[in-house]
Amino acid sequence: MARVKIAYIGGGSTRAPGTVASFIRQAASFEGSEIVLHDLDPERLTLVRDLSRRMAAAQDADLTITATLDRRAALTDCDGVLSSYRPGGFEARVLDERLPLNRGLIGQETQGAGGFFMALRAIHVARGLVEDMAAVCPRATLFNYTNPVNIVAQAVADHSDVPVVSLCEGPIQFPREIAELAGLDPGLVQAPMLGLNHACWSDGALYGGQPMLPLLRKRLEAGIDDEWARRWIALAVQMDSLPASYMKYYYFEAEMLAELRAKGTTRAEDILADVPSYWAHYREQLDSQAPTLEPGLSRGGIFELEVAVDVMDSFFNDLGEVWPTNVVNRGALADLPDSLVVEGPCLVSLSGVRPIAGHRLPPPVRGLVGALGEYQQLAANAAWEGTRQEAVQALLSNPLVRSLEQAQGLYAELAHAHRDWLPERLW
Amino acid sequence: MVAGSVSLEVLPDAGALAVRAADWIARRIRARPDLSVLVATGNTPMPTYARLAELVAGGELDASRVTAVQLDEYLGLEPDDPRSLRAWMNRTFVRPLGITRVVPLDDPATFGAALARLGGLDLAILGLGPNGHLGFNEPPSPPDAPTRTLALTPESLQSNRAYWQGLAVPTHAITAGMDVILAARETLLLVGGAHKRDILRRALHGPETPDVPASFLRRTALTVLADREAAP
């Protein structure tokens, strides 16, 4: 099994204990490997390191877990880099969600103006990260979890030689969630999703080997009480394709806006309220003989999917498995530009992460996915090296913004609020 | 490095190519015993299939759960015609490997339905036509060319003549579509001999064009194994 060194950038985050727990559960695939945690916060970093070591010891995992505040030291001679960081923390995300909402626009972590500013901050850090990688681990692959994963991967792929693959559990989860909402068994669904991250569709969904859409249609006609379940399934039935849940912000924009406004707190405000209890739980487990992360008390996918670990397993152990990832298209998906980072099933082996060709986007959704692709490219360029004017152009190309005075006003406000996390050219 | 998703490996000669290719395929079968494989005929893959048969005969590989999918066929032949490509595939791949599941290529609709039931192709093993064709996807073939019947070009009639000493080459054929070939989860392209060097160079380094159907393979997770004479 592969003996590798992996740097985890963002290794002191609320999500890190869960991700390291996934590595530990699959430790047999990484026997003898080293995981170096890196973060900016020394106290949290030490806590995650100590908890990780304790979990590894309790499960007899042959993994060495270290931690450092020095990014170059963490990256030196790495085979792979896992990035999952949030510049400005959840406090910055609150602004991404709240400020657009104040102006009557969708405020969201990866979509609309909020997602755009998350991209600007994330890519500002990614630039330094890949510079460091080029200097001290030029052969390493970047496995990116930092949102918006598609825009981050686009910027790195376009502007550096670092091999990059972005990861998200969404393409696996969305079809299963739809099945569950329709009262079907999620285990029987087979539905490769294609398009862009958080903007993917599956027009060939099978349920137990039979077409799934007729089953959803029947379920819809019988009546679905839950409003959100009914909307999501109605969109699937109307388009004859399963959509990513994030499509609700586009096809139910007015309804979502009303919902977000009616709710007193944003998603990040809710998470922030829970953050102290996450750390309390981690500290408590540190003192226990056999630490266990309770899903309800931890952040992220505890005991759930951690696709990054599976993708690294298939990559470093040359398994040739198929996983949904985000990589440069290179012609695989004929409906989007060759140079665009697309999401879809990929073959993962030591030769790289390579998209499986031959799929097509369903015609009724090509327009919106195409527009989001144009936005993704403009946002990636603006974040990496663009001017403030180019940044506003990118924001204006976003289908959820698309209004000159709204975009200009919102840009000024968000850029000012996030000033500490943005390069001067974007102020 | 050719392109992001292409891996090119050059072997010293045809013998080494066969050993490497057979090991590569055997590894895929061991990882996924029910592998579905699109099987090219033609001269280049024959030593590879023979080597795979040795691995099976020697108990080093169990290929009994593999599904073999036919790539192309001439039209208008009797089933026992010596020119039948299915008979060729059965003779050199299916029977020697102990394979019991075969998806024949008789008509586009049943072929497409059978592939859908399989959940698509895991692997396409391909040779490279002298004009860049794949199966009987003759130039020009765009990437979305479907499974279809067609008239063979003079070049293909010429290159196929070598196989059938004295017998006429049938003029019409059916081929798995470019869409089917490009949608395989992984592609193995076997190329041998100096006469393939120029077309391999065009397939890997020239523009992507329907005039060289193999140029679209760069869109797939492609592994090229070439002997030294063919290496561009």
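A salt bridge, as the term is used in these legends, is a side-chain nitrogen of Lys or Arg within 4 Å of a carboxyl oxygen of Asp or Glu. The model shown in every view is predicted.

**View 1. A network of salt bridges in chain A.** Arg86(A), Arg93(A), Glu97(A) and Glu109(A) are linked to one another in a network of salt bridges. Over all chains, the structure holds 28 salt bridges. Side chains of opposite charge can pair when their charged atoms come close.

View 2. The side chain of Asp41(A) meets that of Arg44(A) in a salt bridge, with a distance of 3.9 Å from N to O. Asp41(A) is partly exposed, having a relative accessible area of 28%, and Arg44(A) likewise counts as partly exposed, at 33% relative accessibility. Glu227(A) and Arg231(A) also meet through their side chains in a salt bridge, here at 3.6 Å from N to O. Because these two residues are four residues apart in helix 9 (residues 227–239) of chain A, about one helical turn separates Glu227(A) from Arg231(A). Glu227(A) is partly exposed at 38% relative accessibility, whereas Arg231(A), at 9%, counts as buried.

View 3. Asp335(A) forms a salt bridge with Arg366(A), and the closest N and O atoms of the pair are 3.4 Å apart. Asp335(A) lies in the loop between strand 13 and strand 14 of chain A, while Arg366(A) belongs to helix 14 of chain A, so the pair ties together parts that are 31 residues apart in sequence. Arg366(A) is partly exposed, with a relative accessible area of 31%.

View 4. Helix 6 (residues 149–159) of chain A is largely enclosed by the rest of the structure, because eight of its eleven residues are buried. The buried residues are Val149(A), Asn150(A), Ile151(A), Val152(A), Ala153(A), Gln154(A), Ala155(A) and Val156(A). Among the elements of chain A that cover them are helix 5 (112–136) and helix 14 (363–385), together with strand 5 (141–144), strand 6 (164–166), strand 13 (321–328) and strand 14 (341–349).

**View 5. The crossing of helix 5 and helix 16 of chain A.** The axes of helix 5 and helix 16 (residues 404–417) of chain A come within 11 Å and cross at roughly 45°, which means that helix 5 of chain A is oblique to helix 16 of chain A. The crossing of these two helices is right-handed. In helix 5 of chain A, Ala113(A), Phe116(A), Phe117(A) and Leu120(A) meet Leu410(A), Tyr411(A), Leu414(A) and Ala415(A) of helix 16 of chain A.

**View 6. An open sheet of three strands in chain A.** The strands of this open sheet follow the order 7-10-11, and their pairing is antiparallel. Strand 7 (189–190) and strand 11 (210–211) of chain A are the edge strands, each pairing on one side only. Strand 10 (residues 206–207) of chain A is joined to strand 11 of chain A by two bridges, and Leu206(A) stands opposite Pro211(A) in strand 11 of chain A.

**View 7. The surroundings of Arg83(B).** Arg83(B) is found in the loop between strand 4 (72–74) and helix 3 (85–94) of chain B, and at 15% relative accessibility Arg83(B) counts as buried. Leaving aside residues up to four places away in sequence, Arg83(B) touches Glu73(B), Tyr74(B), Leu77(B), Trp164(B), Leu167(B), Ala168(B) and Pro170(B).

Definitions and conventions:
Residues are numbered from 1 along each chain as its sequence is written. Chains are lettered from A and ligands numbered from 1 in the order in which they are written. This is a predicted model: local features need pLDDT of at least 70, side-chain atom pairs count only at pLDDT 80 or more; totals for chains, interfaces and linings use all residues. Side-chain values use heavy atoms; hydrogens and water are left out. Buried means under 20% relative accessible area, exposed over 50%, partly exposed in between (1.4 Å probe, protein chains only). Contact means heavy atoms within 4.5 Å. Two strands pair if DSSP finds at least two bridges between them. Axes are lines fitted to C-alpha atoms, for helices over the stretch in contact, and angles run from 0 to 180 degrees between N-to-C directions. Angles under 35 degrees count as roughly parallel, over 145 as roughly antiparallel, 65 to 115 as roughly perpendicular and the rest as oblique. A crossing is left-handed if the near helix is turned anticlockwise from the far one by less than a right angle, and right-handed if clockwise.
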